[in-house]
Amino acid sequence: MKKALPTYLSLATFLIMGYSYGQIGEERLILDKQREPEVNKIDKKKTSVERIKNYPPEEKNAVPIEYQIENVPAISDFKTSLIQGRDITPTIKQDYKNNYFRIGYGNYARILADGNLSAALDEKTDVGLDMHFLSTDGLKKLYPWNSSASDAKIGGYLNSYAEKGKFNLSADYGFKDYNYYGIYAMQPDSGIDLTQKTNVIGVRGHYDFYSNEILNDARLETGFLSDHFDAKESHISAGINLSKHGVALGGEEFLLNADLGLGVESLSNEFLLASRSENKLVNLAITPSITLARGESYLRLGAGFDFLSSQYSTVNTPGSTNDKTYWFPQGELLIAAAPEFKFFAGVRGGVHIHSYADMLEENPFLLSDQQTKSTIEKYHVYFGLKGDLLENLKYEFKGGFGKLLDAQYFRANSLLDNNYTLNRSAYNFANTFSAAYSDADLSEVTLQVQYFPFANLALDALVEYQKYKLPDGMQIYYKPEVVSSLGGRYTLLDNKLDLGARILLSSARYTNAFTIGSEPADPMQEAMRYTWTQVENEKLEGFVDMNVSAEYRIHKNFSIFALGNNLLNNNYQQFKGYKVLGAQVMGGVKIIF
């Protein structure tokens, strides 16, 4: 009975956790502990060899740990960029295998198929292939027109270990086929064509030197996108980091590290709809820094110098080049008073180029005609406390404020013309969005916790508050102030049964919207035309989204799984007019080899 007590307590904790609340943006805390990280499948395969080969060496392990937020959409949303959702099936390190194939089926005619195949060419080289497909018939009971969506992606990678460093090459192709189904102000025929499709190709190369003697690492990333309406975009980013680390000062009590980052980024896109926008941006970045370290404590001082050249033109506006030079403060102080309490504070800034491909990942219902400007983070001051309590509790509390130039958000579009007809293009029902930009002051507070009460149970929680203050008291759209998440992974029955849960919560968000009417086009004639009135600051209610998963290993090479998404059955809207799938249940089989 005493031996069973920890198992019962773990199960009770897991079930109680399932009724708590959570978030739409998940913050991932990188831990000192040797635990399996939550990463996408293709990324996980690329890191598996590093662990086996004890990579990176001690020089790389001395680099300070970074804490970063990754925004993750709600897994119950079936919009194209979100249709994959989050596969929250827990990963069990001791039973981890690279090669598998999984297939499942659920309500809303959801079909899932994915897998991974990897092999070692020799002791220093391995290759792999990752595949994923997910489709749904959509919300046939809520929308008379087509709301189906499908998402497919295939990628491959190569890891090679040379004498002086490790080389990684990866490439992938993604295809998305979905519909602009969020029509709320008109009632077109059920057979109307609302199709949008995107094709994305990405190639990435990275070489990481084992030692930080002058050459640290080099990278090259390229991306190419096209869509159903003949938009085209290319995005190229390259960089090299030069370093000299481990210079002893004061009898080796202090260590001095010097770094110099050099980078270039180029974005070019062309649209053939509406205003026929064209965007061209090139940014050169230089980031020198020095770090003085003593034990786990350190002081890093540096700066960022960016040279940004941008050009924007439309069919009616000739393009003109805008060249600007920016200087940004860079620095961070970490005082490791004890493993339980580490105080940190710093300041950062930089240039962030918004690509059409990146914006589609956040909002797939964009009009295929966008201005892709750069957001300038003039400065962002942050401070906080983090630590490791009792070796099984990780926490981080962080606050900050900053100044943004051209902060990017989304606004809803009206009709593109007033012709009195429902025989319109897929994007011409006031059912698309465009990127908008405004200067803003940003304040934020974040609390995240990871707790490991037992070896087979891991719990995590996140609460994040972000407040944008725009000029003249304007409301920023599609930026909820509070998002939070509560999740966990639990294994039992000698690791044969894996359970997972993720509860997401988002506060309300705001949008503009349109009401559409009609009037005579000419008082002397019977012809009619559409008119519309814009409503500002319309509120989209917040939501709670509960998701669970389970996988049972019948055999070491065979298991069955079940997934449940949005189990509270709430057809909430992340974007005006676009309701998400209700409660979803899927079951399937998985073969491991």
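Two strands are said to pair if DSSP finds at least two bridges between them. Strands themselves are DSSP runs (E, at least two residues), as helices are (H or I, at least four residues), and both are numbered from the N terminus. The model described here is predicted, so that local features need pLDDT of at least 70 and side-chain atom pairs count only at pLDDT 80 or more, while totals for chains, interfaces and linings use all residues. Residues are numbered from 1 along each chain as its sequence is written, and side-chain values use heavy atoms, with hydrogens and water left out.

Strand β14 (residues 320-338) pairs with strand β15 (residues 341-353) in the antiparallel sense over 7 bridges, and the two form a hairpin with 2 residues between them. Within this pairing, L333 has A345 in β15 as its bridge partner. β14 also pairs with strand β13 (residues 297-313), again in the antiparallel sense, over 15 bridges.

The interior comes next. A nonpolar core is a set of buried Ala, Val, Leu, Ile, Met, Phe, Trp, Tyr and Cys residues joined through side-chain atoms within 4.5 Å; buried means under 20% relative accessible area, with exposed over 50% and partly exposed in between (1.4 Å probe, protein chains only). The largest such core holds 50 residues, of which Y180, L194 and F433 touch the most other members. At least two residues of this core come from each of α4 (356-362), β17, β18 (433-454) and β23 (528-540), and β18 gives the most, with 6 residues. A second, separate core of 8 residues includes F328, V351, I353 and I376.

Contact means heavy atoms within 4.5 Å. Leaving aside neighbours within four places in sequence, L194 is in contact with residues including W145, I183 and F429. P188, found in the loop between β7 (165-179) and β8 (195-209), touches W145, I183, L422 and F429, not counting residues up to four places away in sequence. P188 counts as buried because its relative accessibility is 6%. The C-alpha atoms of P188 and L422 are separated by 5.6 Å, although the two residues are 234 apart along the chain.

Most residues other than glycine have a negative phi. A274, in the loop between β11 (254-270) and β12 (278-294), has a positive phi of about 50 degrees. D406, in strand β17 (residues 393-412), has a positive phi of about 60 degrees, although D406 is not a glycine.
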